[in-house]
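Visitor: Hi, I have a model open and would like to talk it through. Could you walk me around?
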Amino acid sequence: SSTLEEVSAASRQVAKNEAAEIILSTKKSVVFDTFDVIEETGRFVLVSDRQVRGGGIILKKAETYSAI
């Protein structure tokens with residue numbers, strides 16, 4: 001929420017103008033830099049149906065993660 005209060009960790013969506021820490025998984029390998037190493041390439045944009053849906057910075061690589 002815009003009050004910076006913590007929302008449930010089980011939440012499955014992020015509303016407009018809210019922030020979240022997420023883990024993205026991909027079907028293929030992706031090359032990236034973390035934001036603290038190279039700011040310009042440590043960013044990402046999420047696009048769906050030719051519309052920007054979100055964006056952010058890459059903090060770190062998730063070492064091991066299994067889908068829910």
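Predicted model: local features only at pLDDT ≥ 70, side-chain atom pairs only at ≥ 80, totals over all residues.

Visitor: Thanks. How many helices and strands are there in the protein chain?
Guide: The protein chain has 0 helices and 2 strands. Both kinds of element are DSSP runs numbered from the N terminus, with helices being H or I of at least four residues and strands E of at least two.

Visitor: What does Arg43 stand opposite in β2?
Guide: Its opposite residue there is Ile57.

Visitor: How many residues sit between the strands of that hairpin?
Guide: There are 2 residues between the strands. Asp49 lies in this loop and has a positive phi of about 55° although it is not a glycine. Arg50 is in the loop between β1 and β2 as well, with phi near 65°, again a positive value in a residue other than glycine.

Visitor: Is Asp49 buried or exposed?
Guide: Asp49 is exposed, at a relative accessible area of 66%. Arg50 is exposed too, at 85%. The cut-offs are under 20% relative accessible area for buried, over 50% for exposed and partly exposed in between, using a 1.4 Å probe and protein chains only.

Visitor: Switching topic, what share of the chain is buried?
Guide: Buried residues make up 4% of the 68 residues. The accessible surface comes to about 6,900 Å², and 51% of that belongs to carbon and sulfur atoms. Accessible areas come from the Shrake-Rupley method with a 1.4 Å probe, and for residues only the protein chains shown count as cover.

Visitor: Which residues form the nonpolar patch on the surface?
Guide: Val14, Ile22, Leu24 and Leu46 form it, with about 340 Å² of accessible area together. Like charges are joined within 9 Å, and nonpolar side chains (Val, Leu, Ile, Met, Phe, Trp, Tyr) within 5 Å. Leu46 is found in strand β1 and counts as partly exposed at 36% relative accessibility.

Visitor: What about Thr34, buried or exposed?
Guide: Thr34 counts as buried, at 17% relative accessibility. This residue lies in the segment before β1.

Visitor: Which residues is Thr34 in contact with?
Guide: Leaving aside neighbours within four places in sequence, Thr34 is in contact (heavy atoms within 4.5 Å) with Gly42, Ile58, Leu59 and Lys60. The Thr34 side chain also makes a polar contact with the side chain of Asp36, at 2.6 Å. A polar contact is a pair of N or O atoms within 3.5 Å; within protein, one must be able to donate a hydrogen and the other to accept it, and residues adjacent in sequence count only if both atoms are side-chain atoms.

Visitor: Last one: how far apart are Lys61 and Leu24?
Guide: They are 37 residues apart in sequence and 9.8 Å apart in space, C-alpha to C-alpha. Lys61 lies in the segment after β2 and counts as exposed, at 52% relative accessibility.

Notes
Residues numbered from 1 in each chain as written. Heavy atoms only, no water. Pairing = 2+ DSSP bridges. Patch = residues over 30% accessible without salt bridge, like charges linked within 9 Å, V, L, I, M, F, W, Y side chains within 5 Å. Salt bridge = Lys/Arg side-chain N within 4 Å of Asp/Glu carboxyl O.
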